[in-house]
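Open the model in your viewer and keep the selection tool at hand. The stops below go from the whole model to single residues.

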Amino acid sequence: MVLKPVLWQVPAILLASIVLGLGVNHFRPGGLELARDWRTVAVAEKTAQGLPVISLDDAAQLHRESQAVFIDARPQAAYAEGHIRGAVSLPWHRAEEQFIDVLPDIPTEQTVITYCDGVSCELSDHLAEFLVDLGYTNVHILPDGWGRWKEKGLPTARN
Amino acid sequence: MEGKGASDSPELMAPQTAVCNSCEFISMADKKTFLPGALIAARLILGALFLYAGVPKIFQPEAFARAIYNYQILPDLLVNFAAITLPWVETVIGIFLIAGIWLPGTVLLTNLLLLTFLSAMAFNYARGLDIDCGCFSTGSESPISSITLLRDTAFFFIALFHLFGTFHRRSPRH
């Protein structure tokens, strides 16, 4: 039977590698901890980099009071699948072509919040910098905006 | 001469036809020498590739964990575990491929891993994430692009060829 050796070889290779990895990591100086709250770490790092990070609670309050314009920096297809209710789409990869259609409606002194999906996503960071360069004076970044917004059950929309 | 010594049968010594208009004209001797040779080459290439990919990451677990995290596919709790163990899986597979150990299992695992890597890259390329590939070194290398996708697709086809070669040869009908 051709598949018979595969049935024990694949688990054996994986098991041996896992034991080796965990063993070496345990005994090496400065080994990684087995689990980490990456989201907290990443938000803290963005703040430490001096990026204008806004908390989810503050962003939600501004949203409730209609005091901020939310700009979705993800690709158009992701925006169409779901976005923060009322947000406008300005995908970072097409920002230079599309900003002329989107931004004239938004005054430069308006509070603007950029977001994308995942804390490590930098599309919102790039877009925020771009907006500042265009003269916007009140730009904030909501790290992992879409993911956390959905998780918290805050208002969303499609298309 | 390449392939010489694989068999002492007289067919091997026969002059080859200058032009092969149809694969039917490829002699049995050609098949017997070309296919094993190509399989060995594929195995060694893949083995070297996996060693090249795995060993540096063993020494940079923090940077590799960050690369995995940036892919945003695994839950946070599994990121560090993957960063600790995946380089060893790659390294062990690399050694086994080169040494020819437990080939059916190793080859299947090679294909599964490459397919997983390719899918993860394609997924993030499609959703527009601007992240490093994290494929080989964990430093600042090229981000996921059509070039890295094409490169990994080529590796995957080499692995697929080796998979079919391995299991085809081991099949009782052949």
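**Before selecting anything**

This is a predicted model, in which local features need pLDDT of at least 70 and side-chain atom pairs count only at pLDDT 80 or more, while totals for chains, interfaces and linings use all residues. Residues are numbered from 1 along each chain as its sequence is written, and chains are lettered from A and ligands numbered from 1 in the order in which they are written. The model scores are ipTM 0.77 and pTM 0.73.

**Stop 1: colour chain B by confidence**

pLDDT is the predictor's confidence in each residue, from 0 to 100. Chain B has a mean pLDDT of 80, and 72% of its residues score at least 70. Select residues 1-26 of chain B: pLDDT stays under 50 there, and the model has 17 contacts beyond four places in sequence for this stretch. A contact is a pair of residues whose C-beta atoms, placed from the backbone, lie within 7 Å. Next compare two helices of chain B: helix α1 (residues 10-13) has the lowest confidence, with a mean of 37, and helix α4 (residues 76-99) the highest, at 96.

**Stop 2: chain A, domains**

Chain A is divided into domain 1 (1-35) and domain 2 (38-157); such bounds come from an automatic or database domain assignment. The centres of domain 1 of chain A and domain 2 of chain A, taken over C-alpha atoms, are 41 Å apart.

**Stop 3: the sheet of chain A**

Helices (H or I, at least four residues) and strands (E, at least two) are DSSP runs, numbered from the N terminus. Select the four strands of chain A that form an open sheet in the order β3-β1-β4-β5, with parallel pairing.

Start with β1(A). Two bridges join β1(A) to β3(A); A:Ile71 stands opposite A:Val88, and A:Asp72 has A:Ser89 as its bridge partner. Towards β4(A), β1(A) pairs over five bridges, with A:Thr111 as the partner of A:Ala68. Five of the five residues of β1(A) are buried, where buried is defined as 20 or more other C-beta atoms within 10 Å of a residue's own, with C-beta atoms placed from the backbone (exposed is 12 or fewer, partly exposed in between). A:Ala68, A:Phe70 and A:Asp72 lie on one face, A:Val69 and A:Ile71 on the other.

Move on to β5(A), which pairs with β4(A) over four bridges. A:Tyr115 stands opposite A:Leu142 in β5(A). Both faces of β5(A) are covered, with A:Val139 and A:Ile141 buried on one side and A:His140 and A:Leu142 on the other. The chain passes from β4(A) through α6(A) to β5(A) in a right-handed β-α-β crossover, meaning that, with the strands pointing away from the viewer, the path from the first strand over the helix to the second runs clockwise.

**Stop 4: helix α6 of chain A**

Select helix α6 (residues 123-133) of chain A; A:Leu123, A:Ser124, A:Asp125, A:Leu127, A:Ala128 and A:Leu131 are its buried residues. These residues pack against β1 (68-72), α5 (95-102), β4 (111-115), β5 (139-142) and α7 (145-151) of chain A. Just after α6(A), A:Gly135 takes a positive phi of about 110 degrees.

**Stop 5: where the chains touch**

Chain B has six helices and zero strands. The contact takes 33 residues from chain B and 32 residues from chain A. On the chain B side, α3 (61-71), α4, α5 (103-126) and α6 (146-170) each supply at least two residues. α4(B) gives the most, with 13 residues. The chain B side divides into 20 nonpolar, eight polar and five charged residues; Ala, Val, Leu, Ile, Met, Phe, Trp, Tyr, Cys and Pro count as nonpolar, Asp, Glu, Lys and Arg as charged, and the others, Gly among them, as polar.

**Stop 6: B:Gly134**

Finish in the loop between α5 and α6 of chain B, where B:Gly134 lies. Is B:Gly134 buried or exposed? B:Gly134 is buried, because 26 other C-beta atoms are within 10 Å. Leaving aside neighbours within four places in sequence, B:Gly134 is in contact with B:Phe64, B:Ala67 and B:Ile68.

Technical notes: Two residues are in contact if their C-beta atoms, placed from the backbone, lie within 7 Å. Two strands pair if DSSP finds at least two bridges between them.
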